[in-house]
Amino acid sequence: MAGSAHGHTPAAWTGVIISFIGFCIAGVFMVAANVPGFWAGMGVILLGGVVGGAMKAAGMGMPKESAAVAAAREAATATALERAHA
């Protein structure tokens, strides 16, 4: 994962931050034994997923990989494996 840009987009960051805030809200209300507050936090978590998905659909996520890039990656991996086994 370190060699890729997986998740390094505005859509991913926004979705995760909103979901984290919802997790914190749900956790606080769970400890306080407040059921409606807990479910409100769970709703915020779901909102994070919806917002992240909407931002991705709006073009703020990772671009789709072209066939040429996928073929080049496969060729580079095959070459590296051949060198490693030689």
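**Surface and fold**

Guide: The protein chain exposes about 6,400 Å², with 74% of it supplied by carbon and sulfur atoms. Accessible areas come from the Shrake-Rupley method with a 1.4 Å probe, and for residues only the protein chains shown count as cover. This is a predicted model, where local features need pLDDT of at least 70 and side-chain atom pairs count only at pLDDT 80 or more, while totals for chains, interfaces and linings use all residues. Residues are numbered from 1 along each chain as its sequence is written, and side-chain values use heavy atoms, with hydrogens and water left out.

Visitor: How many helices and strands in the protein chain?

Guide: There are 3 helices and 0 strands, in the order α-α-α along the sequence. Both are DSSP runs numbered from the N terminus: helices are H or I with at least four residues, strands E with at least two.

Visitor: What share of the residues is buried?

Guide: Of the 86 residues in the protein chain, 14% are buried. Buried means under 20% relative accessible area, exposed over 50%, and partly exposed in between (1.4 Å probe, protein chains only).

Visitor: Which residues make the nonpolar surface patch?

Guide: W13, I17, F20, I21 and F23 make a patch of about 580 Å². Patch members have over 30% relative accessible area and no salt bridge; like charges are joined within 9 Å, nonpolar side chains (Val, Leu, Ile, Met, Phe, Trp, Tyr) within 5 Å. A salt bridge is a side-chain nitrogen of Lys or Arg within 4 Å of a carboxyl oxygen of Asp or Glu.

Visitor: Why does W13 count as exposed?

Guide: Because its relative accessibility is 51%. W13 sits in helix α1, residues 10-31.

Visitor: And G15, buried or exposed?

Guide: G15 is buried, at 10% relative accessible area. G15 is also in helix α1. Leaving out residues up to four places away in sequence, G15 touches G48 and G52, where contact means heavy atoms within 4.5 Å. The C-alpha atoms of G15 and G53 are 7.8 Å apart, at 38 residues along the chain.

Visitor: What does S19 contact?

Guide: Beyond its neighbours within four places in sequence, S19 contacts I45, G48 and G49. A polar atom of the S19 side chain lies 3.2 Å from the backbone oxygen of I45.

Visitor: Switching to rings: how many aromatic pairs?

Guide: There is 1 aromatic pair. The F38 and W39 rings have centres 5.1 Å apart and planes at 75 degrees, so the pair is edge-to-face. Rings of Phe, Tyr and Trp (its six-membered ring) pair if their centres lie within 6.5 Å; planes under 30 degrees apart count as stacked, over 60 as edge-to-face and the rest as tilted.

How values were computed:
Polar contact = N/O pair within 3.5 Å; in protein donor to acceptor, adjacent residues only side chain to side chain.
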